[in-house]
Amino acid sequence: VIYMPPQGKTFDQSCARRLAADYDHLVLVCGHYEGVDERFIEECVDEEISLGDFVLTGGEIAAMAVADSVCRLVPGVLADEQCYTGESHWVGLLEYPQYTRPDVWEGREVPPILRSGVDREIARWRRKKMLERTMDKRPELFAKFVPQTDEDKALLDEIDAALDDRNVERFANYLHTLSDKTQFIVITHRRGTMEAADVLYG
């Protein structure tokens, strides 16, 4: 029996996986306005789950979200296990970008790699995008991620190198903007950064 109050443990994908794996039946109790009698909670409730640090009029919407998230993990509900194992949060990363037809829309083109038909390269591109998206949009989530494969480590090196290059470009732009009225002492381990400084100061 699960009660859905604001003070419950925050629901996430790992919680959905646990509930789907550990139980055949779940009873979701939805409080309304001031909740339910504390004696009922003490006597009947096994755990308390919340969607987050906000308050709804009742627990029905929260219960629907939990039910949907858990039920889709039950074998047979979705057509294939890959329907959910490749999604956001399954392995601690956000999902890669999705594209449909047409190939060009409003001047924006589907990445050519996705039309190449080379499954290995497509899988590598998708994994890299998962890493990039998580790093960019959810840094607190990315901080918990531990690469398990050599390929993940190689992809992270590629991402870091690209970030370094973009940072060098931004740094060079700052130097150009301020060079007429400011002097800099540049300490760096990046050759590109030093070259940007040398162009301005020799």
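Which side chains meet in a salt bridge with an N to O distance of 3.9 Å, one of them being that of Arg124? The side chain of Arg124 meets that of Glu151; a salt bridge here is a side-chain nitrogen of Lys or Arg within 4 Å of a carboxyl oxygen of Asp or Glu. The pair links distant parts of the chain, with Arg124 in helix H5 and Glu151 in helix H7 (residues 150–178), 27 residues apart.

The structure is a predicted model, in which local features need pLDDT of at least 70 and side-chain atom pairs count only at pLDDT 80 or more, while totals for chains, interfaces and linings use all residues. Residues are numbered from 1 along each chain as its sequence is written, and side-chain values use heavy atoms, with hydrogens and water left out.

The overall layout comes next. The protein chain contains eight helices and six strands; helices (H or I, at least four residues) and strands (E, at least two) are DSSP runs, numbered from the N terminus. Read from the N terminus on, the order of elements is β-β-α-β-α-β-α-α-β-β-α-α-α-α. Of the 202 residues in the protein chain, 26% are buried. In this text, buried means under 20% relative accessible area, exposed means over 50%, and partly exposed lies in between, with a 1.4 Å probe and protein chains only.

Arg124 is partly exposed, with a relative accessible area of 25%, and Glu151 is partly exposed at 32%. A search of the whole structure finds eleven salt bridges. One of them joins the side chains of Asp103 and Arg115, at 3.9 Å from N to O. This pair also links distant parts of the chain: Asp103 lies in the loop between helix H4 (82–85) and strand S5 (104–105), and Arg115 lies in the loop between strand S6 (108–109) and helix H5 (119–137), twelve residues apart. Asp103 has a relative accessible area of 33% and is therefore partly exposed; Arg115, at 38%, is partly exposed as well.

Another salt bridge lies within a single helix. The side chains of Lys129 and Glu132 meet at 3.3 Å, N to O, and both residues lie in helix H5, three residues apart, about one turn of the helix. Lys129 is partly exposed, with a relative accessible area of 26%, and Glu132 is partly exposed at 26%. Elsewhere, salt bridges that share partners join Arg101, Asp103, Glu109 and Arg115 into one network.

Arg101 also takes part in a feature of the backbone. Most residues other than glycine have a negative phi, and most peptide bonds are trans. The peptide bond from Arg101 to Pro102, however, is cis, with omega near 5°, and Pro102 lies in the loop between H4 and S5. Tyr33 is not a glycine, yet Tyr33 has a positive phi of about 60°. Tyr33 is found in the loop between strand S3 (28–29) and helix H2 (38–44), and is exposed, with a relative accessible area of 67%. Glu106, again not a glycine, has a positive phi of about 50°. Glu106 is placed in the loop between S5 and S6 and is exposed at 65%.

The next topic is the largest pocket. On a 1 Å grid over the protein atoms alone, a pocket is an open set of points where a 1.4 Å probe fits, with protein on both sides within 12 Å along at least five of seven lines, and lining residues have an atom within 4 Å of a point. The largest pocket holds about 390 Å³ of space, where a volume is the space filled by probe spheres set on the points, and grid points are joined across faces, edges and corners. Its lining has 15 residues, of which Asp12, His89, Gly92, Leu141 and Lys144 lie nearest the centre of the pocket. Helix H1 (13–22) and helix H6 (139–142) are the elements that give two or more residues to this lining, and H1 gives the most, with three residues.

A last example concerns two positions separated in sequence. Val74 and Ala20 are 54 residues apart in sequence, and 6.3 Å apart in space from C-alpha to C-alpha. Val74 lies in the loop between helix H3 (60–71) and H4, and is partly exposed, with a relative accessible area of 36%.
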